[in-house]
Amino acid sequence: MIPFDSAGDALREATHLLVTAPPGEHGDPLLVSHHAAIKAALIARKLRWIGYISTTGVYGDRGGGVVDESTPPAPGQPRSVRRLAAEEAWRAIAAGLAALDIFRAGGIYGPGRSPFDDLRAGTARRVVKPGHAFSRIHRDDIAHAVLAAIGQELPPAVRVLHLVDDEAVESAAVTAHAARLLGLPPPPATPFEQARATMSPMALSFWAENRRVANAATKAALGIAWRYPTYREGLEAILAEERREGLAE
């Protein structure tokens, strides 16, 4: 791994660049530190593809409505405003010089980052807020989509791609299904208005926005189907992997 602060030489020779670092108050950290090297690689026509992992949070609250890849962003949270600014910065530097894929990801889950962990620890909550859906993506499907994009020969243009599975669903349903897979009773249902009193500001910011994120155009553009099209397949795969590795009780 190349240290971040000494990556300039490698960036000048790169043909493909995947950016996953979140933006800070001063913008995208890679562009802040290595703008000149990235620009040099683009002008020399060495850097042909840039992938930027963003967030569906740039759409803001849609009252449960559907957003697709053509929906204009309308961020409501400060961190989402920064994400959109970072997207625009990558659009500006790549313009006419390289293909830019902006991957807007939903909630990421996978081994070590799933409801199983809280259920085993006895800290899981089943918060009920009818009609409030979240879009998710298994970490392996993020890799699946990125590798598919990297393998394509693309013109120097921008695509918006959605890293979300095929079924936005209420959080309580995911927790209940994870409990069933573990053979545990689901945690008692807690109304959101009751649960919010003990939520962190970060958690409250997620619950403040409700949208359903479509992905049909993304799958068509990449020529893929998700390995885990819903949370059901994703959770079952996580549990199977944990059991193979002796991590599940």
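This is a predicted model: local features need pLDDT of at least 70, side-chain atom pairs count only at pLDDT 80 or more; totals for chains, interfaces and linings use all residues.
Side chains of opposite charge can pair when their charged atoms come close. Here the count comes to 12 salt bridges.

Start in helix H1, residues 8–13. Arg-12 and Asp-9 join their side chains in a salt bridge there, at 3.3 Å from N to O. Asp-9 is exposed, at 59% relative accessibility. Arg-12 is partly exposed, with a relative accessible area of 37%.

Asp-166 forms a salt bridge with Lys-219, and their closest N and O atoms lie 2.9 Å apart. Asp-166 sits in the loop between strand S9 (158–163) and strand S10 (169–170). Lys-219 belongs to helix H9, residues 216–222. The partners are 53 residues apart. Asp-166 is partly exposed, at 40% relative accessible area.

Now take Glu-167. Its salt bridge partner is Arg-232, with 2.7 Å between the closest N and O atoms. Glu-167 lies in the loop between S9 and S10, and Arg-232 lies in helix H10 (residues 231–244), so this pair ties together parts that are 65 residues apart in sequence. Glu-167 counts as partly exposed, at 25% relative accessibility. Arg-232 is partly exposed too, at 31%.

Salt bridges can also share partners. In this model, Arg-139, Asp-140 and Glu-241 are joined that way into one network.

How values were computed
Residues are numbered from 1 along each chain as its sequence is written. Side-chain values use heavy atoms; hydrogens and water are left out. A salt bridge is a side-chain nitrogen of Lys or Arg within 4 Å of a carboxyl oxygen of Asp or Glu. Helices (H or I, at least four residues) and strands (E, at least two) are DSSP runs, numbered from the N terminus. Buried means under 20% relative accessible area, exposed over 50%, partly exposed in between (1.4 Å probe, protein chains only).
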